[in-house]
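User: Hello! I am new to this structure and would like to get to know its rings and pockets. Could you walk me through them?

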Amino acid sequence: MRRSRTLFLAALAVTTLTAGTSGIAAPATDIPTLATQTTEEGQTVIYDRYTWQRRELDKRLPVTEPWPDDFKIGATLQRYKLDTPPIPATLPLPARIMTDVYLVNAEPNLVYLIDAGADGLVLVDPGLTMTVPAILKNVEKLGFSPSQIKWVINTHAHFDHSMADAAFQKLGAKILVGRPDVAAVEKGTYVTGKYAFPALTKGVYPTLKVDWPVDDGEELKLGNKTFVAIATPGHTPGSTCYWLTIDGKNILFGGDTILFDYRLGANLPSFADAQAYFTSLKKLAFYGLYPNTTRWDVLLPGHGTMVLDRAYMDVLKGYQQVELNMTDNTQVQALPFATDNYRKLMFGRP
Ligand SMILES: [Zn+2]
C-alpha cells in the first residue's frame, strides 16, 4: 500500500508536465495501477475494504452466531483481527485499471473513464453532483482535459449514478441512457431513488434532455471504441449493461445489475422487478452464445470490488442467486454477507 501511494504521488508530479504534441492533452504515462488480490476461486480482483472485511468475516464467524449489525460491526472485525486489512480504506485516485480504462471516483459509486482516442473520452456513471469537482480534478491528473469528455454512459437512472449527468452535459458531453430510464433522468422522477437519501440530493435535482436514448443491442461507436448496449431491466426499468472489448478481453460494465461475488442491485420498491431481473441475469450469463460465445473476462460494476479475469463466474453467481430467490419467493438482497446461504458457503474457507 505504501508503495502504491508513493507511485501515486510520483504520478501526480509527472501528469502536470504531460501534454500531447497536437495541442490536445494526452494521457499521462505514469499513472498507478490498482493493487490486486487473488480470490479462492483464482480470480484477480481489486477489492474495496468494505467487501474484503465482510467476506473474510464470513469465513470466520460461525454460522450459529448472529451476523452483527453493520453499524456495530467494528468490534466483531476486531475480534477476528480484520480491523487492519491489507486493503486501503480508499482506493488511490485516479488510477489505471487496464489499457485505456481508468478509475476517476470510487464513492459512492465507481466512475470509469475510457480513452476513446483523438475523438474524446467516455465517462461511465458520473455519480453525484457533489463529486463532479473531484472527478474533473482526476481527469486532469490523468493528463486529459475535462472538455475531452464527449460521452457519458449511464447504466441506470439511480441518483448515485446519474445525478451528475447535467453537469457533464453543460461541459459538452452527450448523455446516453437506456431508453426506459430516460424519463427518470430527464425529470428526476421517483425511479432515481432520490427520496432514499434526501441529504445527498437536497436542493434542486438537476434535470436535462437526454441526447441519446439507448436500445437493446445497439452498437455505440464512441471514438475508437464500440460499446454494445445490453438492456437488463430489473434493478430499474432501463438498467443497461455495456460490453466493450479491449486487448481481446470482454469487459462488462455491470452497473448495479451484476456485481462481484453474489452482490446484486437492491430491489427498491415500486419499480424494481425481480422477474425481469432474473431474465436479465440469465441473458447476461448466456449472452452471445448464439451465434458467438461471449466469455466475460472483466467486470467493472457500479460499486465494490472490480474483477479483472473470469468475470463470467460472478455473472453466473448472480443469475443463480436470483433464481434461488425466485424459487424460494424471497427478496433479492443487494449484499450477500449476512444471508444464510452465503455464510454457509463461505464459512471455514481458507
Ligand atoms: Zn442502483
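This is a predicted model: local features need pLDDT of at least 70, side-chain atom pairs count only at pLDDT 80 or more; totals for chains, interfaces and linings use all residues.

User: What kind of pair do Tyr50 and Phe337 form?
Analyst: The ring centres of Tyr50 and Phe337 are 6.3 Å apart, with 65° between the planes. Planes over 60 degrees apart count as edge-to-face. The pair of Tyr50 and Phe337 is therefore edge-to-face.

User: How many residues apart in sequence are the parts that this pair ties together?
Analyst: Tyr50 belongs to helix H2, which covers residues 49–60. Phe337 sits in the loop between helix H9 (312–328) and helix H10 (340–346), so the pair joins parts that are apart in sequence by 287 residues.

User: Is Phe337 buried or exposed?
Analyst: Buried means under 20% relative accessible area. Phe337 has a relative accessible area of 5%, so Phe337 is buried.

User: What kind of pair do Tyr190 and Tyr195 form?
Analyst: Their centres are 4.4 Å apart, with 10° between the planes. Planes under 30 degrees apart count as stacked. The pair of Tyr190 and Tyr195 is therefore stacked.

User: Which residue lies over the face of Tyr50?
Analyst: Tyr50 is also part of a cluster that ring pairs build with Tyr262, Phe337 and Tyr342. Over the face of Tyr50, at 3.7 Å from the ring centre, lies Arg54.

User: Now to the pockets. Which element gives the largest share of the lining of the largest pocket?
Analyst: The largest pocket has a volume of about 980 Å³. Of its 40 lining residues, the closest to its centre are Pro108, Asp160, Phe197, Arg263 and His303. Two elements give two or more residues to this lining, namely H2 and helix H5 (159–162). The largest share, three residues, comes from H2.

User: How many residues of that lining are nonpolar?
Analyst: The lining of the largest pocket includes nine polar and eight charged residues. Its nonpolar residues number 23.

User: Which elements each supply at least two residues to the lining of the second largest pocket?
Analyst: The second largest pocket holds about 240 Å³ of space. It is lined by 15 residues, and Gln321, Leu324, Asn325, Thr339 and Asn341 lie nearest its centre. The elements that each supply at least two lining residues are H9 and H10.

How values were computed
Residues are numbered from 1 along each chain as its sequence is written. Side-chain values use heavy atoms; hydrogens and water are left out. Rings of Phe, Tyr and Trp (its six-membered ring) pair if their centres lie within 6.5 Å; planes under 30 degrees apart count as stacked, over 60 as edge-to-face and the rest as tilted. Helices (H or I, at least four residues) and strands (E, at least two) are DSSP runs, numbered from the N terminus. Buried means under 20% relative accessible area, exposed over 50%, partly exposed in between (1.4 Å probe, protein chains only). A charge sits over a ring if NZ of Lys or CZ of Arg is within 6 Å of the ring centre and within 35 degrees of the ring normal. On a 1 Å grid over the protein atoms alone, a cavity is a set of points where a 1.4 Å probe fits but cannot get out, and a pocket is an open set with protein on both sides within 12 Å along at least five of seven lines; lining residues have an atom within 4 Å of a point. Grid points are joined across faces, edges and corners, and a volume is the space filled by probe spheres set on the points. Ala, Val, Leu, Ile, Met, Phe, Trp, Tyr, Cys and Pro count as nonpolar, Asp, Glu, Lys and Arg as charged, and the others, Gly among them, as polar.
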